[in-house]
Amino acid sequence: MGLENFSYSHTIGIASFQGRGFMNPVDVRLDSRGLVFVLSRSNAGNKDVRVSVQTQDSEYLYEFGRWGTEPGQTTQPTAIALDLEDRVYVTDEFMNNVTAFDREGQFVDRWGEFGTGPGEFNRPSGIAIDSEGNLHVVDHLNARVQKLTPDGGFISSFGTFGTAPGQFNFPWGISIDREDGIWIADWRNDRIQRFTPTGELVSTLGSSGRDDGQFDRPSGVHVASDGTVFVADWRNDRVQVFAGDGAHNETLIGDATLSKWCQEFLDVNPEQAGWRQNAGLFEQEKRFWRPSAVESTNDGLVFIADSCRHRIQIYRRVHALVAT
Amino acid sequence: MTTVARTRKDVAVVAHLLRRAGFGATRDQIDQYVAKGYEETVEELLNPRVGQPEDQDLMDRYFIASVEARSPGHADPQWSWRLATSEKPLEEKIALFWHGLLAVGGVKLDHGLEMLTEIDLFRRVGLGSFRNILFEISRNPGMMYWLDNQNSHKGAPNENYGRELLELFSMGIDDLGGGAYTEDDVKAAARAFTGWASKPTPPPFFLGPFPMEFRFDASDHDNDEKSFLGETGNFNGEDIIDIIVKKRASAHFIAMRLYLFFVSDEPDEGEIERLTDLFQETDGDIRSMLRYIFNSDHFKSADVRFRKVKSPAELVFGTARLTDRFDIPDMDSSMLANQSLFMGQHLLNPPGVEGWHEGEEWVDSGSLIERVNFAASELGRRDSHGVRRMLDRVGSAGDDLEPEEFVEACLDALGSIELSPGSKTVLVEHAAQYRSAVSGTVDGTDRAVEMFQLIVSTPDYQYC
C-alpha cells in the first residue's frame, strides 16, 4: 500500500568510517542554511564517531567532533541540537557532558560531569532548544529533563524514574514544539509524553506493541512546525506520523533508493555491483533498520536517521495533515 | 563429618560446579545454590528458561553498531555482555564449547551479525541432541560459507565441509592420522551436501551487512547413489548426519571433547567410555551427558578440582562476574572481549576450523602477565558490588584474625578458592607482615583488597 500524505524523495549516505558517509547515524538536524548535520554514533571502540555536514544534495562539506576525550572530541555521542545562531550542541553518554561547537565545527565550550546534582548527568541523551535559546537535555539514567542556559547554567529539571504517567523509564529523544511544549520519547515505557514548558504532564501517546499508535522502544520524537508529530519507532523499524491531537496518520517503513554516494561506489566497484545484483534484496535494502531520529523543514521535507543502514532517508509531505 | 565441615564441602563442590558449568559465581550466589541443593542446581543449569534476555534492548541501545555488526569486533559488546551477566551461565558455556568445536572463523566470514546468529544457535540447541546440533550447523549459512560449501556443486563437489564434518566435528582421527572413515567416505559426504549453501547477500560496504540465510538448491544437489560408512543409498546431507551419529567413533569423540572442556585437561579413559556409552544410550543427548558428568563422584572429587587451565574467556568473564560491576552495558563491558583477545582467545574469531588448542597451551609468559594484570586490576575496584560484598564478608569474619584465618576468609570471600600449600604459605607470610606494620598505616580494607589481588595473581587462580 502506498503512502497517502508523504512521498519518498531521496537518500543521503553510505557506510563510511570517516569523511563522506556515516557510521550508525543516530541524529540528524538542519542549520539555518539548510545544511544537514548528521551525528554518527558508530562503535566507540572503532573511533568512527563524528558530526558530518553535507548539503541536501549529497555534497559532503566537513566533519568535526571526532573520537576522543579532549575538548572538541566525543566518545559516545547520542544527540545534537542547533540553536538559532547555528551553534551545535552534542551530548556524550560516556563523558557525561554537552559540547558546543560553532557551525563550522570549531570547539566553543563543554560542561557537565557524572552525577545526580543540578547540571550533572548520567548518560545525557536527547537535546533540544526552546524559543528562548535554552537547552533541554534528557538526562537518561537520572530519568529527568534538565533545562540549562546556552552556556550550561542550570535552570530547572523535572522527572523521576518509573512507569506512572509523567515518570520516565530510560528516556531518550526530545522535541520542543512551537509553544515550547516538551515532548519526550519515554523509551522503555514505549510511549511519548508531552509536558508543558514547566514540566507538567499534558498527554501521553502510545503503548507497547506493533499496531498503529503502538511502539517498541521509541527513540526519537519530532514535532514539526505545523504540529505534526513524528515518532522513530526504533525496534519496530518504522516511523509513525501523528496529527497534533495524537491521531495516527501514516506509517513509514523505509523506501530508500541508492544514494548518490552509494551509486558512485557501485559504479567504480562493478564487482560489488554484480554481487548486489546477484543477491537481489532490493526490497530489503529500502527498509529502515533502527530509525532513531527525525527532523523536518517548514516546507515539508522530513529527514530520518536510518541508524543501521548508515543513511538519511528523506520524504516530502504531499498533503497537509488535518487534525481529527 | 561435622555440620561445618559438610557445609564447607558443599560450598566447595557447588563453587566447582559453577566454575565449570558457567564462569564461576560470587560467594553469595554460591550460598544461594548450596541452599537450593547440588542436584537441583544442576537441573537449573541444564534447563535454562527460554526467551530473549530482558536487557537486550539496553545492549542494542548503547551499542547500536553491534546490532548490525559488520565484523566480529563490532559484535563483541553483545557476547561480552551475555558472558559477563547472563543468569543462564551454562547456556553461555555450552555456546562457548560449540563455538570452539564447530568453529567458524571471523577472519574469512567477517560478518559479525552472522557470528552472533551462530552463537544464538548454540544457545538454542547446544544442550540438545548432537544429531540436531550437526543438522543445524550444516544449515548455518556462516558455516557453509566458511567451509566453501557454496562452491560445492553437483558434479564438482568441494570436499571441505564433508572432510571437516567427519574429522573435526564428529568422528575424529587418531594420533596416527587414521580414522573410522576413509577418503571415499569424505567424497560421498561432500556429494551429499552439494546444493547446501548460503544465499548471496549484498556486499556490506555501502549499507552494512544483511542477515545471512541458508539455501538448498535442489537443482545443484547430487541425487545419485552414494556409499558412506558401509551404507548405500541416495543420501543427502541429513542422511549423512544420521549415519555419522550412530557410530561409536562419534560418540567417543563428543564424550572426549565434553570431558576435556568440562572436567579435566587430562582425559580419564574410564569416564570417557562411560560417557560414550551414555551418548549411544541417549541418542547423543548432550543434556543427559552433562547431567551425568556434573552429578558424578569423579567430577565432584578433589582430583579434578582446580586441575583445568582457565581459558581466557573463563578467566576474564569469571573475574568480571566476581566483581559484579556491570548493571548496565557500558564501555568497559563492551571491551571485555578485548581482554580475552589479549590473552590469546579472540572470541567470535577462532584461529581456524580446529578452534583453539586448550589446556596448558593457553598460558605463556605474555598471556600470563595479561591474565594477572587484568584479574588484579578488577579485584582492585573496591566500588564494585562484588568487591564491596567480599570486603563485608571478610570484615564480618572478625577484626583480629590470625594471618592464616585472614587468608582463609579472603579465599572464601572470593568464591571458595583453594590454593596449593606453597601459594598459601606465601600469602600467610605476607598477611603476617600486616601485623608488624605500624598500626593505622594500612587499614583493613586496603589489606583485604591487596590480599584479593594477590590471590588472583597466584598460579592457582589460573585453574578452575
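This note covers the two chains of a predicted model and the contact between them.

1. Chain A is built from 26 strands and 3 helices. Its radius of gyration is 19 Å, close to the 20 Å that the globule rule gives for 324 residues, so chain A is as compact as a globular protein of that length. The C-alpha trace of chain A spans about 55 × 50 × 30 Å along its principal axes.

2. In chain A, 48% of the 324 residues count as buried. Of the contacts in chain A between residues at least 6 apart in sequence, 48% join residues at least 24 apart.

3. Chain B has 27 helices and 4 strands. For its 464 residues the globule rule gives 23 Å, and the radius of gyration of chain B is close to that at 24 Å, so chain B is as compact as a globular protein of that length. Taken along the principal axes, the C-alpha atoms of chain B fill a box of roughly 85 × 55 × 40 Å.

4. Buried residues are 49% of the 464 in chain B. Among contacts in chain B with a separation of 6 or more, 74% are between residues 24 or more positions apart.

5. The contact between the chains draws 28 residues from chain A and 20 residues from chain B. On the chain B side, the elements giving two or more residues are helix H5 (64-67), helix H14 (204-207) and helix H21 (331-334). H5(B) gives the most to this side, with 4 residues. By class, the side of chain B that touches chain A has 13 nonpolar, 5 polar and 2 charged residues.

How values were computed. Residues are numbered from 1 along each chain as its sequence is written. Chains are lettered from A and ligands numbered from 1 in the order in which they are written. This is a predicted model: local features need pLDDT of at least 70, side-chain atom pairs count only at pLDDT 80 or more; totals for chains, interfaces and linings use all residues. Two residues are in contact if their C-beta atoms, placed from the backbone, lie within 7 Å. Ala, Val, Leu, Ile, Met, Phe, Trp, Tyr, Cys and Pro count as nonpolar, Asp, Glu, Lys and Arg as charged, and the others, Gly among them, as polar. The radius of gyration is taken over C-alpha atoms; the globule rule is 2.2 Å times the number of residues to the power 0.38. A residue is buried if 20 or more other C-beta atoms lie within 10 Å of its own, exposed if 12 or fewer, and partly exposed in between; C-beta atoms are placed from the backbone.
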